[in-house]
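Thanks for coming. I will go through a few local features of one model, and you can follow along on the screen.

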Amino acid sequence: MTLGLAIGSGELIFWPIMSANIGPVLLWAALISLIFQTVWTLEMARWTVWTGEHWVLQMARLHGLVSAAVLWGLFTFLAWGFGGWAAAGGRSLYVLVGGPGEESFATVFWAIILFLIVWIVALLAGVVREWVEYILTFKMVIIWIMLLVSLAVVSSLDVWADVIRGTFIPSWPSEAIPEKVPYFTLASAIAFIGAGGTTNMWYSFWVRDAGYGMGVYIGRIPGYLRGRPTQLEIVGYLPEPTQENLSRLSEWWSRVRSVFWLVFFLLNFLTAVFFVALVYSGKKNLGIETEGVGGVEVIELQANIVAEAFGSTVISGIFLIVAAVLLFGTQLSLTEGVARQIADSAYVAVEGFRRIFRNDIRTAYFAVITLFVIWSSLWISLINLAGIKPVLLLQLPANINLLFQIISIPLTLYFIYFVASKSVPKEIWNAMKPHPIVPLLLVLAMLYWGFFATLGWMEKFGLLG
């Protein structure tokens, strides 16, 4: 779940676009962003391990239940409610199997088919999180098999030397940015290395649903048909500060940190590096023209590189299947995450919402995910009619999510040091408070992401001259 949610358009689309146009020279920027993102996501989940409350409930303790549900639900909707991320998966299937109809219509058709599969998962799953986890695990296994086999054939020592240099020796290709890679695209890549923005918030939901720490006492969201009517706890629980409880809580927190640093950080970065190396190998070793690629066609470019390396169009088809599975995993996790956040937050914040759904989070969640699938399908259809390229509707959520990352850091810090520290027993705080370097890293992250966000949005509004 941790890796499957994080791997998506950043690794498959934006960083390969960077590699196609300027090579691997900015991998150091991805590495720094992912380190910051890992630290930040862990701090968003710290209170969840202590009490079982997710990040929106943390914010509710700062500015009220209803305003937290509305404000962060609106932010999430603006980031993910317009379907470009789903259109990318639809286009992969169009390239793989063709119609019906012309390219634009077929892209919408396949994207809606994938949405229907997402809806069926929510309908049939016993526990939604478990089914999502199974699907995302399968997704990651086939991606890694495909990448490792492809790189073994196409890459070379000089390619890896350039990749390592780009990772650990910072440089700035001023002659190529923004001429070859616009700032808006660069900011998108910085945001979407890892999960990106509001998606990181959802890890606190899944930490709770997985039963980490005190999350085991809150409840989980079941599927609609196979699940039973379920009431979630409205507020979390603080453990008694006994030595035994402190030991158990510390063990749970160690598990969370291990998962995030070994899986979310390391495997995520390696996946991005492998996609970058694949595209760079095609340019450097196979002589394939890659410059000028700026959208979801970079998926076809990667498929062509693999086909050229193996001398077989069958392998190209297999790569497109892998890409479609990857993007379906993204579509599944994003749709599920949006519905989970909105349904869960509204359930906690609004008594009338609970009354409408008879205190059954299962029914509320299924209603929200159904409405979101319908809304997203309609928007993808409108995108098709308007002739808007899917990549723009990938860039927009990326840059909106980058703003969320910047805004949420001071709120997270304030909550930890001025609310959580005063709410938990002193024994818990003294044993499990953040390392002193954490606030410094988060302030640096805010400045770092702010730099790229400023460049991207100023370029988009024509303010760079």
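In which helix is Lys-422 found? Lys-422 is found in helix α17, residues 392-423. Helices here are DSSP runs of H or I with at least four residues, numbered from the N terminus.

Before going on, the basis. This is a predicted model, where local features need pLDDT of at least 70 and side-chain atom pairs count only at pLDDT 80 or more, while totals for chains, interfaces and linings use all residues. Residues are numbered from 1 along each chain as its sequence is written, and side-chain values use heavy atoms, with hydrogens and water left out.

Back to Lys-422. Lys-422 is exposed, with a relative accessible area of 62%; exposed means over 50%, buried under 20%, and partly exposed in between, with a 1.4 Å probe and protein chains only. From Lys-422 to Pro-439 is 17 residues in sequence and 17 Å in space, C-alpha to C-alpha.

Next, α19, residues 437-460. Helix α19 has 24 residues and reaches 35 Å from its first C-alpha to its last, close to the expected 34 Å; the expected span is 1.5 Å times one less than the number of residues. Among the buried residues of α19 are Val-438, Tyr-448, Trp-449 and Trp-457. The cover over the buried residues of α19 includes α3, α10 and α17, where contact means heavy atoms within 4.5 Å. After α19 comes Gly-462, with a positive phi near 70 degrees.

Now a helix pair. Helix α3, residues 27-51, packs with helix α12, residues 243-284, at an angle of about 155 degrees, and their axes are 10 Å apart. Axes are lines fitted to C-alpha atoms, for helices over the stretch in contact, and angles run from 0 to 180 degrees between N-to-C directions. Therefore α3 and α12 are roughly antiparallel, the term for angles over 145 degrees. The contact of α3 with α12 is made by 21 nonpolar, 4 polar and 2 charged residues. Charged covers Asp, Glu, Lys and Arg; nonpolar covers Ala, Val, Leu, Ile, Met, Phe, Trp, Tyr, Cys and Pro; the others, Gly among them, are polar.

Thr-242 lies in the loop between α11 and α12. Thr-242 is partly exposed, at 37% relative accessible area.

Last, is Ser-377 buried or exposed? Ser-377, in helix α16, is buried, with a relative accessible area of 11%. Leaving aside neighbours within four places in sequence, Ser-377 is in contact with Ile-112 and Phe-115.

Technical notes:
Helices (H or I, at least four residues) and strands (E, at least two) are DSSP runs, numbered from the N terminus. Angles under 35 degrees count as roughly parallel, over 145 as roughly antiparallel, 65 to 115 as roughly perpendicular and the rest as oblique.
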